[in-house]
Amino acid sequence: MQQTDLPAAEYRHVYEFHVRFGDIDSQGHVNNVKFLGYLEDARLEMFHGDPVRKGEKPVRGMVISRHEIDYRRPLLPTVYPIRVETWVTEARAASFTLAYEVRDDDHVYAEAISKLVAFDPKTNRLRRFTSAEREFIERYAAPAA
């Protein structure tokens, strides 16, 4: 997966975190499964934490239907923050795709995509996004060139 045509910074959600001691495996770098946790934390902030802090309604009722991740270089223990930058690459009536970079100022450690689908937990069925949900999701999609 090669991420091209990256959107401008104003379309990216940025989530910063610090590598924890427990994230490090016997090879001395962040274990690959921990990266999925970083992506999850970034999504929770993007769709729940940030909207709540801004007085907006969080976006709920989504499930992951697919993850894909490419590891670009080992992420070693560091005292400096790492960030997950996230943006929307495709939005449809009942699904959308997020792209991510796990990075610092100098390196990209991983690139990933997730496909999310609208889901109704009461009926246990897929659904379409509401207009308010689509509007929120589209904040992070760069306009077509």
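This is a predicted model: local features need pLDDT of at least 70, side-chain atom pairs count only at pLDDT 80 or more; totals for chains, interfaces and linings use all residues.
Trainee: Let's start with the strands. What does β1 pair with?
Mentor: β1 pairs with strand β3, residues 82–91. The two are antiparallel, with five bridges.

Trainee: Which residue in β3 is the bridge partner of V14?
Mentor: That is E85.

Trainee: And which residues of β1 are on the covered face?
Mentor: H13, Y15 and F17. V14 and E16 are on the uncovered face.

Trainee: Why would they take turns like that?
Mentor: In a regular strand, side chains alternate between the two faces of the sheet.

Trainee: OK, on to β5. Which strand makes a hairpin with β4?
Mentor: β5 does, with four residues between the two strands. They run antiparallel and nine bridges join them.

Trainee: What about β5 and β6? How many bridges there?
Mentor: Two bridges join them, and they run antiparallel. F119 stands opposite L126 in β6.

Trainee: Where is N124?
Mentor: N124 is in the loop between β5 and β6. These strands form a hairpin with four residues between them, and N124 has a positive phi near 60°.

Trainee: Is N124 buried or exposed?
Mentor: N124 counts as exposed because its relative accessibility is 58%.

Trainee: New topic: charges. How many salt bridges does the structure hold?
Mentor: It holds 13 salt bridges. Side chains of opposite charge can pair when their charged atoms come close.

Trainee: Which residue does E101 meet in a salt bridge?
Mentor: R12, at 3.2 Å from N to O. This pair links distant parts of the chain, 89 residues apart. E101 is in strand β4, while R12 is in the segment before β1.

Trainee: Are those two buried or exposed?
Mentor: Both E101 and R12 are buried.

Trainee: Which residue forms a salt bridge with D105?
Mentor: R83, with the closest N and O atoms 2.9 Å apart. D105 is in the loop between β4 and β5, and R83 is in strand β3, 22 residues apart. D105 counts as exposed, at 66% relative accessibility. R83 counts as buried, at 14%.

Trainee: Which residues are linked in a network of salt bridges?
Mentor: R12, R83, E85, E101, R103 and D105.

Trainee: Why are R53 and D50 about one helical turn apart?
Mentor: Because they are three residues apart in helix α1. R53 counts as exposed, at 57% relative accessibility. D50 is buried, at 19%.

Trainee: Last one: I137. Where is it found?
Mentor: I137 is found in helix α2, residues 131–138. It counts as buried, at 2% relative accessibility.

Trainee: What is I137 in contact with, leaving aside neighbours within four places in sequence?
Mentor: F47, V88, A91, F96 and F129. I137 and W87 are 50 residues apart in sequence, with their C-alpha atoms 9.1 Å apart in space.

Methods
Residues are numbered from 1 along each chain as its sequence is written. Side-chain values use heavy atoms; hydrogens and water are left out. Buried means under 20% relative accessible area, exposed over 50%, partly exposed in between (1.4 Å probe, protein chains only). Two strands pair if DSSP finds at least two bridges between them. Contact means heavy atoms within 4.5 Å. A salt bridge is a side-chain nitrogen of Lys or Arg within 4 Å of a carboxyl oxygen of Asp or Glu.
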